[in-house]
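Please open the model in your viewer and keep the selection tool at hand. The tour goes from one selection to the next and says what is there at each stop.

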Amino acid sequence: MTQVVQGTPIRADVRDKLIVALDYNSVAAAEAAVAQLGDVVSFYKIGLELAVSGGIDLATDLIAAGKKVFLDLKLHDIGNTVERATAAAAERGFDILTVHAYPMTMAAAARGAAGSKLEVLGVTVLTSYDDADLAATGVVGGVTETVHLRAGQARDAGIAGVICAPTDAAMVRAILGPDRRVVTPGVRPKGAAVGDQKRIATPAEALAAGADRIVVGRPVTAAEDPVAAAQAILAELQGA
Ligand SMILES: O=c1ccn([C@@H]2O[C@H](COP(=O)(O)O)[C@@H](O)[C@H]2O)c(=O)[nH]1
């Protein structure tokens, strides 16, 4: 069904650029949000909170309802485990799976996803980190240098693309070229609460910098009117 926002139809390809994070602690709450957002949102993310609350099975219902589903588990383990978990995610029909952007982890996930439609994305540096947070983990080199390194390693591992901050997207796009995915959380419409995110940009800025898709959680799910919030983001994306 075509969405119309303020008299303008939202194209289907634009709708697929918005991934709404279902960060809830129960399947019932996530289902209520999906029902409320209806045809406005076509792509959902199941992350750690919902996954440990029984949400992985919700993906089956979402996929059956024609939605795309991103499983954001940020895997990092020995190669055999990552490869088998990735293959299991592919088997369940997920569209996107995240792993941390370490070379062995990404290579294992690439093997697990081989021959499937599952897009594996490597998480470069979390959008809630600044240089000091990264240094505290023992990483030598700031955020920009580390994202640069890890984006190149993601390309070389043969995975579909990366997760990065919208503020890194232009640099990452130049490294990955036009055919790989650049997906950015840390997106905040003008005036939205920043929360714990540190490297942020607006939806339009993220697309202009080279992002294919944006991930938005609280600015939609915690909004007084989540439908209006999602529609406003879609209108901004379509105008970008
Ligand atoms: O670097 C990252 C990787 C993943 N995320 C996830 O995206 C959403 C963002 O939610 P907001 O409420 O819009 O902040 C959330 O599920 C994170 O786990 C990220 O923010 N940054």
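Throughout this tour, buried means under 20% relative accessible area, exposed means over 50%, and partly exposed lies in between, with a 1.4 Å probe and protein chains only. This is a predicted model, in which local features need pLDDT of at least 70 and side-chain atom pairs count only at pLDDT 80 or more, while totals for chains, interfaces and linings use all residues. Residues are numbered from 1 along each chain as its sequence is written, and side-chain values use heavy atoms, with hydrogens and water left out.

Begin by selecting residues 96–100, which form strand 6, where 4 of the 5 residues are buried; strands (E, at least two residues) and helices (H or I, at least four) are DSSP runs numbered from the N terminus.

Most residues other than glycine have a negative phi. Lysine 74 is partly exposed, at a relative accessible area of 25%.

A polar side-chain atom of threonine 127 lies 2.6 Å from a nitrogen atom of the ligand, and an N or O atom in the side chain of aspartate 23 is 2.7 Å from a ligand oxygen atom.

Finally, turn to the salt bridges, in which a side-chain nitrogen of Lys or Arg lies within 4 Å of a carboxyl oxygen of Asp or Glu; the structure holds 13 of them. Select arginine 218 and aspartate 196, whose side chains meet in one at 2.7 Å, N to O. This pair links distant parts of the chain, with arginine 218 in helix 11 (residues 218–221) and aspartate 196 in the loop between strand 9 and helix 10, 22 residues apart. Arginine 218 is partly exposed at 43% relative accessibility, and aspartate 196 is partly exposed at 46%.

Conventions. Polar contact = N/O pair within 3.5 Å; in protein donor to acceptor, adjacent residues only side chain to side chain.
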